[in-house]
Every structure is written in C-alpha cells, then in structure tokens.
Amino acid sequence: MLTLILALAALAQTVPSDAAPEDWKAIPDNEMLVMTLKGGHQVYIRLAPRYAPAHVANIRKLAEARWWDGTSVYRVQDNYVTQWGGGDDKTALPPGVIENPPAEYEWPGFDAVKGFSFAKPDSYAAKTGVSADGWPLANYGAVTSLTHCYSMVGVARDLAPSTGSGAELYTVIGHAPRALDRNIAIVGRIVEGMQWLSSLERGTAQLGVYAKDQVATPILSVRLASQLPEDERPHFQYRSTDNPRFAAWIKARENRDGAFFTVPMGGVDVCNALPAVRRAQ
C-alpha cells in the first residue's frame, strides 16, 4: 500500500497545475445549482446556459418555484447514471416551464479553443476538444455537442419527440456513455459533492430504479445560488483553457511521463481532460 501511495504522489507531481491567477474565472450565481439531500449533503451543479438555453431556463424556473423540494433520488444504475426529481404525474410544472423545449442536443460549428482538438481520434466523433470556459465538446463535421463524461448532468426524457422539461435530471456515475451524445440535452456538470450521488445504493428494479423495498434519498431543496442570501452563496471558479498554461496541461495529459508511466500514450480521452473547477479563494 505504501508503495502505491508513493507512486501516486510521484504521478501527481508530473502533471502541471500552474494555472495563473488570471486563468480562474468566476461562475455566475445564476449558473450554480445547489441541491441539498437528506443529511445535509450538498451537490453543486454548474449549468450550461450557452449550450442549452431553453432547458436551463426551465431549470431556473423549477428551482425558483422550489419544485424539487420533497422529491427524491430514485434511480441509481451501476456504471451508468444517478437520476432524481420527477414527482407523480399529477404534479404540475411551474408556470413558464416548457414541457418539451427545442432539442438542444447539438449546434453548428466547433467552438473548441483553437489548437485544442486532442491529438488522437475519438471513437464517436470526428474530433474532440474543450471550450474556452471549460466544457467538453465533440465535433461531427458540421455540428458539435457536449459529451457524456463522468459528472455531467443531462435531462431525462421519454421517447422522441419528447425532449424533457428538466424536471428529471441525471448525472453520469460510470464509464462515459457517449452513445447518449446528441440524443439528450446536457445542461451542466457536478463540480462538488459528486460522492453523495455516486456512492448511493444501486437500484434493484429495471434500469436501476429503486424497488419497493428500497428507500429513495430525499431531496430537501434545490436552489440557484442567486436565490440564497449573499452570505450563504457558494462561489466557484472554472479554469479557462485559452492560454499556454492549459495547453501545457493538456500536453502532459496526452503524454504522461515520469517514473510511474513507462509507456506514454500520446493522446487523451476528452472525458479524462476536464478543466478544473474550484471554490473561489
């Protein structure tokens, strides 16, 4: 065990983390969602309104209406997703929430930072990269989408043409299910508190839904940070990617070296190169 710990410590030293102070950018309060579970455990979700504006608008309305309070985390499928929200069919959506917004699954072009298409091909897309504000992207020629990486948050939906209102959300807790890309709206990423959703008891009914003899995890509240009193708001920053320091970090991820790695791979999966998010100092 000691040998493994020392090896991992050496590994950590081979990956540069020398972001300059100006590389850290504030995440606006109305782009942070705070979910409080039973026991007081909190999950912090960065929203992506630039890529899914209609769905995020719905999510903001749901949070402002306190619609999720008293719902639950009711599905945990091993190596796949944790899902929450919902409510029974008689629970009306708040005023202004669109039941089936436009399908915000892809958009024209490829807005990854210039030079940040990763070195090796992707199994699903023509190329992958990251946006200047830290979102993982996959390009399919004429169009681009966000990618289903660990901790990304998507909108559960029924069969097409349903697009999902945002009342039911999920996060990826296993190997990236990239086949979902371009089929579901991705609306954010969990940036802190992931352990409270990834470590839950797995559901034993079909698709990981909790069976009748299992106890779903209650959701006490879901709020935008902008809804909270000033002195209670969490403040987060993302690491911007449009600078040479991040380029060096990507190069190190693509070409691992040091005492631990004996065979550098010369490439990296987009889901293994997510830019950091931290609490504001």
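1. A definition to start with: helices (H or I, at least four residues) and strands (E, at least two) are DSSP runs, numbered from the N terminus. By that count, P161 sits in the loop between strand 10 and strand 11. The peptide bond that leads from A160 to P161 is cis, with omega near 20°.

2. A word on the ground rules. This is a predicted model, in which local features need pLDDT of at least 70 and side-chain atom pairs count only at pLDDT 80 or more, while totals for chains, interfaces and linings use all residues. Residues are numbered from 1 along each chain as its sequence is written, and side-chain values use heavy atoms, with hydrogens and water left out.

3. Now the overall build. The protein has four helices and 15 strands. Its radius of gyration is 19 Å, close to the 19 Å that the globule rule gives for 281 residues, so the protein is as compact as a globular protein of that length. Here the radius is taken over C-alpha atoms, and the rule is 2.2 Å times the number of residues to the power 0.38. Along the principal axes, the C-alpha atoms fill a box of roughly 60 × 50 × 40 Å.

4. Buried residues make up 53% of the 281 residues, where buried means under 20% relative accessible area, exposed over 50%, and partly exposed in between (1.4 Å probe, protein chains only). Contact means heavy atoms within 4.5 Å. Among contacts between residues at least 6 apart in sequence, 72% join residues at least 24 apart.

5. Helix 2 deserves a look. It covers residues 53-64, 12 residues in total, and reaches 16 Å from its first C-alpha to its last, close to the 16 Å expected at 1.5 Å a residue; the expected span is 1.5 Å times one less than the number of residues. Which of its residues are buried? They are A54, H55, V56, N58, I59, L62 and A63. Just after helix 2, R66 takes a positive phi of about 55°.

6. Two further backbone spots are worth a click. S151, in the loop between strand 9 (143-146) and strand 10, has a positive phi of about 80° although it is not a glycine. S151 is buried, at a relative accessible area of 6%. L207, in the loop between helix 3 (195-198) and strand 13, also is not a glycine and has a positive phi of about 60°. L207, however, is exposed, with a relative accessible area of 51%.

7. A cavity is a set of points, on a 1 Å grid over the protein atoms alone, where a 1.4 Å probe fits but cannot get out; a pocket is an open set with protein on both sides within 12 Å along at least five of seven lines; lining residues have an atom within 4 Å of a point. Grid points are joined across faces, edges and corners, and a volume is the space filled by probe spheres set on the points. A search of the whole structure finds one cavity of 30 Å³ or more. The largest cavity has a volume of about 60 Å³, and its lining is made of Y51, E104, Y105, W107, S145, L146, D181, R182, I184 and I186.

8. The second largest pocket holds about 260 Å³ of space. Of the 14 residues that line it, P121, D122, S123, R178 and D269 are the closest to its centre. Its lining divides into six nonpolar, four polar and four charged residues, with Ala, Val, Leu, Ile, Met, Phe, Trp, Tyr, Cys and Pro counted as nonpolar, Asp, Glu, Lys and Arg as charged, and the others, Gly among them, as polar.

9. Q237 lies in strand 14 (residues 236-239) and counts as buried at 15% relative accessibility. Leaving aside neighbours within four places in sequence, its contacts include W24, I27, V277 and Q281. Y74, in strand 4 (residues 72-76), is 144 residues from P218 in sequence and 8.7 Å from P218 in space, C-alpha to C-alpha. With neighbours within four places again left out, the contacts of Y74 include W84, E168 and Y210.
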